[in-house]
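Thanks for asking me to look over this model. Here are my notes, as a few numbered points to read alongside the structure.

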Amino acid sequence: MPFLEARGITKYFPGVLANDAVDFAADRGEVHAVVGENGAGKSTLMRILYGLERPDAGEIFLAGERVTIPDPATAIRLGIGMVHQHFKLCSSLTVAENVVLGAEPHQGPLLDQRRATAQVSELAAKHGLAVDPSAQVGTLSVGVQQRIEILKLLYRRSQVLILDEPTAVLTPQEITELLAVLHQLAASGHTVILITHKLREVLAVAQRVTVMRRGRVVGVRPVTQTSEAELAQLMIGREPRRLERSATVAGEVALEVSNLGARGEHGRWALSGVSFTLHRGEVLGVAGVEGNGQRELVEALTGLRRPATGHIRLAGKPITGWPVRRRREAGLAHVPEDRTSTGVSPTASIEENLVATNFHRPRFQRWGWLRRGEVRRHAQQLLERYEVRASDARAPTGTLSGGNVQRVVLARELDGDPQVLIAAQPTRGLDIAGTEFVRAQLRRLCEQGRAVLLVSADLTEILEVSDRIIVLYRGRIAGELVATSADEATLGQLMLGGEARRVA
Ligand SMILES: Nc1ncnc2c1ncn2[C@@H]1O[C@H](COP(=O)(O)OP(=O)(O)O)[C@@H](O)[C@H]1O
Ligand SMILES: [Mg+2]
């Protein structure tokens with residue numbers, strides 16, 4: 001008998017059937033993954049199981065008993081807990097205080113601090129969750145905050161732990177640690193429901209996987225009897241597209257970087273002696289474990305950080321000290337790593353974001369006045385060309401899914417017909433269709449004779465999209481490879497500081 005079971009769950013939102021007669025079952029002692037593209041209905045199903053939404057139809061069973069879950073308090077009482085995508089911790093309190101908040105051990109009317117700290121320490125140690133119970137939460141990384149959320153659930157004796165895309169906000173190192181914790185929780189008899197669209201994580205940690213598409217369950221598989229390819233196909237309802245690459249000829253030098261050096265946050269050298277050239281008609285991949293100078297490199301190139309040494313030339317022009325706007329006008333475009341805070345203004349409308357960097361163009365202005373009609377027409381064309389799924393171009397950009405936000409950023413950046421595009425982690429967090437779209441755009445750009453610098457922590461992406469690859473390690477170039485003769489093993493070795501070697 002499954003421990004937690006949902007039968008025939010149906011949920012309508014205005015204009016959308018978010019869950020369509022969904023059957024779902026998870027066992028004790030199992031990590032059960034739920035995968036699906038954005039909008040497939042995963043979060044809706046989980047919010048129903050946690051009492052945040054009421055289903056229009058369907059039943060829920062816990063250990064064989066029919067239950068109704070009108071609110072999260074009931075869910076918690078039944079032993080069902082959920083870690084949200086956005087944490088709800090109190091930053092002025094300590095870790096231990098946050099964990100016990102609402103279920104505190106008392107000594108008289110006061111919180112028994114010592115006991116709380118001891119209990120939280122013990123719980124953390126038992127489940128392999130490294131935290132310092134007396135640390136102030138406001139100072140902690142998202143990875144640690146997530147562990148605290150898990151501890152909160154364990155403190156309340158949750159038997160079922162639901163994690164909605166917990167790895168989206170984590171670094172690769174933190175992901176590895178989290179997956180180990182989840183594995184251990186299942187081994188100790190918990191039911192872990194892991195929502196993700198990273199199939200490797202699924203195959204690494206889950207026993208079974210439920211695949212959703214457009215509100216329906218389209219498959220349930222033991223991980224031993226499926227593959228990334230099969231899951232991807234179930235998720236998108238078709239074969240994943242192979243990235244089409246026609247051979248390009250590397251042309252003139254579009255971007256030349258020599259002896260670039262920059263200091264990082266604490267004044268230490270984050271980047272030193274970096275030299276490379278990027279040619280028209282090529283994608284140059286910059287690989288590396290995050291934190292090895294990639295961010296500083298991108299900032300120095302785009303004008304967000306003043307380099308301490310070296311020179312940058314864009315199509316022959318020395319742009320080293322130029323401000324952002326002037327570089328942009330000279331043909332340098334940038335898809336930033338953090339698309340929702342730097343890439344777009346979430347509160348501004350989609351059409352405003354689409355033309356944000358181009359308002360000064362003559363076609364959008366007349367005698368100093370903004371030509372609204374012209375802006376709107378242009379925005380509409382971009383939305384169509386870049387397949388942005390938005391109900392209304394006047395809606396705030398923050399209402400779009402991650403993949404659609406990235407399409408808006410790309411549309412705007414490529415609209416100015418740039419000579420060089422700097423793309424930083426451009427597919428991070430996107431679903432399969434969104435990722436395919438972005439990668440195809442990068443190739444299209446270089447096939448049109450433009451140059452692309454692709455900074456990515458995703459080795460598959462680097463190998464698939466690039467023509468040449470440089471590897472950054474501790475702020476220096478550890479090696480340079482031709483993509484067709486590179487493989488993950490060689491790249492991985494260079495990324496970890498292995499022998500620098502030149503295959504080019
Ligand atoms: N509160 C809501 N109001 C209206 N529509 C919603 C709401 N929550 C989700 N939806 C819609 O329901 C569908 C499923 O969304 P969701 O469950 O969040 O999918 P997933 O988590 O798989 O990305 C989407 O079309 C989404 O826009
Ligand atoms: Mg979701």
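Predicted model: local features only at pLDDT ≥ 70, side-chain atom pairs only at ≥ 80, totals over all residues.

1. Which strands does helix H14 lie across, and at about what angle does H14 run to E18? Helix H14, which spans residues 402-415, lies across E18 and strand E21 (420-424). Its direction is at about 175° to that of E18.

2. Next, the sheet to which these strands belong. Six strands make up an open sheet with mixed pairing, and their order is E18-E21-E22-E15-E23-E24. At the edges are strand E18 (332-335) and strand E24 (476-482), each of which pairs on one side only. On average, neighbouring strands in this sheet are turned by 20° against each other, direction ignored.

3. Within that order, one pairing can be followed down to the residues. Strand E15 (residues 283-287) and strand E22 (residues 451-455) run parallel and are joined by four bridges.

4. Now a single residue, Ser 158. Is Ser 158 buried or exposed? Its relative accessible area is 1%, which is under 20%, so Ser 158 counts as buried. Ser 158 sits in the loop that links helix H5 (142-155) to strand E9 (160-164). Leaving aside neighbours within four places in sequence, the residues in contact with Ser 158 are Gly 79, Ile 80, Gly 81, Leu 153 and His 190.

5. How many cavities of 30 Å³ or more does the structure hold? There are two. The largest cavity contains about 50 Å³ of space. Its lining consists of Glu 165, Thr 167, Ala 168, Ile 195, Thr 196, His 197, Lys 198 and Gly 429. By class, these lining residues are two nonpolar, four polar and two charged.

6. The second largest cavity holds about 30 Å³ of space. It is lined by 10 residues, and the closest to its centre are Val 83, His 84, Gln 146, Asp 164 and Pro 166. The lining of the second largest cavity divides into five nonpolar, three polar and two charged residues.

How values were computed:
Residues numbered from 1 in each chain as written. Chains lettered and ligands numbered in written order. Heavy atoms only, no water. Pairing = 2+ DSSP bridges. Helix = DSSP H or I, 4+ residues; strand = E, 2+ residues; numbered from the N terminus. Axes fitted to C-alpha atoms, helices over the stretch in contact; angles between N-to-C directions. Contact = heavy atoms within 4.5 Å. Buried < 20%, exposed > 50% of the residue type's maximum accessible area, 1.4 Å probe, protein only. 1 Å grid on protein atoms, 1.4 Å probe; cavity = no way out; pocket = protein on both sides within 12 Å on 5 of 7 lines; lining within 4 Å. Points joined across faces, edges and corners; volume = space filled by probe spheres on them. Nonpolar A, V, L, I, M, F, W, Y, C, P; charged D, E, K, R; others polar.
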